[in-house]
Amino acid sequence: MTRNKDSHQQAPIDRLIEALVEDILATSDADLLSEAQADDDNGATVTRRAFERASRTIALRRLAQNRRSARGRRVVGGNIRALDPKTARGWLEEYMASHPDAARKVSGERSARDRLSDEDVYGMLEALQKRGVLKERAADQGPDRR
Amino acid sequence: MQARDTGALLLTELEVKRAISALAPPSWLRLHKAARALCRNAHFDAEDLLQEAFERALDGSRQCSRTLDIVHFLVGVMRSIASDWRKARRRRPEMSLVSPTGTLQGVVIKVRDQRPAADEWLASTQEATCLRQAILDLFADDDVAQRMLEGIMDGIAGEELRSLTQLSQTQFESKRRFIRRRIDKAFPQERKP
């Protein structure tokens with residue numbers, strides 16, 4: 001009730017503001033320019049400045065979003081040896097679990113994966129990478145449990 | 001299919017940016033004047049309102065129809081933001097930390113009742129009434145302008161308002177401009193109605 005009265009009191013001023021805005025939209029370009037000259041109005045500069053600031057803000061926001069989504073993603077074409085041994089082994093295990101036949105060919109029929117050295121793991125991952133079958137994933141992502 | 005059709009009717013974010021960048025000086029001026037009008041009797045700044053409207057247009061959170069003039073679109077965005085900001089300001093709860101015991105453990109968060117208190121309502125009502133009177137007084141030398149202003153503030157618009165003033169269309173538009181110009185000059189920026 002109280003709030004309604006408050007809005008009711010505000011409404012006449014809101015209506016006036018709306019009428020002023022309508023008039024601004026209906027005023028010709030020439031009249032606006034002459035008004036600005038007469039009033040020494042730098043509104044055009046202020047508006048352009050606001051636009052430039054908004055453009056920069058949006059560009060920075062998009063950049064930050066892109067960085068966030070790129071962070072943690074490793075391009076498969078990158079350096080496999082930059083992976084830590086545990087992650088590399090996880091990737092290989094994941095691949096072998098989902099592609100037993102292909103894995104067998106790369107590993108030369110080695111089946112006891114736990115006996116592979118780190119060097120073996122990196123080598124096999126590089127071989128898979130060369131064949132283009134290693135899929136992109138987050139660097140900090142553990143083995144895919146599918 | 002329907003979504004695709006709707007999408008084709010809207011400007012892309014890049015198109016919006018290009019359309020704004022290509023605006024001529026009178027359009028920049030028009031946007032500023034509209035922002036100033038919408039900020040009147042409010043507690044925010046025209047430049048902030050403009051920037052917020054540009055951001056929403058550029059990030060696609062407000063979308064512009066291809067058939068709509070970009071300046072009218074931006075004024076619409078500003079109108080909506082200004083309305084939201086006014087409402088938010090009215091609703092904003094004030095919080096304070098009270099520590100009767102002087103210890104952190106004893107701190108109580110007091111949230112202000114969001115309904116306007118009687119004194120606030122009275123102050124707001126008085127302010128609006130004073131403002132209305134101040135505007136009318138500004139045109140004490142012009143009966144027609146006063147009639148027109150009273151009509152506008154009472155919610156009369158268009159042809160009905162024009163016939164109330166008994167002016168031709170051209171005279172009516174000229175009078176409305178005269179009112180806007182005089183209000184522009186008479187009130188300091190923050191307190192303008």
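Predicted model: local features only at pLDDT ≥ 70, side-chain atom pairs only at ≥ 80, totals over all residues.
## Chain B, element by element

Chain B has 193 residues, and 25% of them are buried. Now take the contacts in chain B with a separation of 6 or more. Of these, 48% join residues 24 or more positions apart.

## Where chain A touches chain B

The two chains meet in a contact. Chain A puts in 36 residues, and chain B puts in 40 residues. On the chain A side, the elements that give two or more residues are α1 (2-26), α2 (29-39) and α3 (43-70) of chain A. Helix α1(A) supplies the largest share, 18 residues.

What kinds of residue make up the side of chain A that touches chain B? There are 19 nonpolar, 8 polar and 9 charged residues.

## The nonpolar cores

The largest nonpolar core holds 46 residues. Those with the most contacts inside this core are Ala34(B), Ala35(B), Leu38(B), Leu49(B), Ala53(B), Phe54(B) and Met78(B). Which helix of chain B gives the most to this core? Helix α3 of chain B, residues 25-39, does, with 8 residues.

Ala53(B) is then in contact with Leu74(B), Val77(B), Met78(B) and Ile81(B). Of these partners, Met78(B) is also listed among the residues with the most contacts inside the core.

There is a second, separate core of 8 residues. Its members include Ile80(A), Val121(A), Met124(A) and Leu125(A).

Arg132(B) sits in helix α6 of chain B, which covers residues 118-138. Is Arg132(B) buried, exposed or partly exposed? Count the other C-beta atoms within 10 Å: there are 18. A buried residue needs 20 or more, and an exposed one has 12 or fewer. Arg132(B) falls in between, so this residue is partly exposed.

Which residues does Arg132(B) contact, leaving aside its neighbours within four places in sequence? The partners are Pro12(A) and Ile13(A) in chain A, and Met153(B) in chain B. Leu149(B) lies 17 residues away from Arg132(B) along the chain, and their C-alpha atoms are separated by 9.4 Å.

Note on methods: Residues numbered from 1 in each chain as written. Chains lettered and ligands numbered in written order. Contact = placed C-beta atoms within 7 Å. Helix = DSSP H or I, 4+ residues; strand = E, 2+ residues; numbered from the N terminus. Nonpolar A, V, L, I, M, F, W, Y, C, P; charged D, E, K, R; others polar. Core = buried A, V, L, I, M, F, W, Y, C linked by C-beta atoms within 7 Å.
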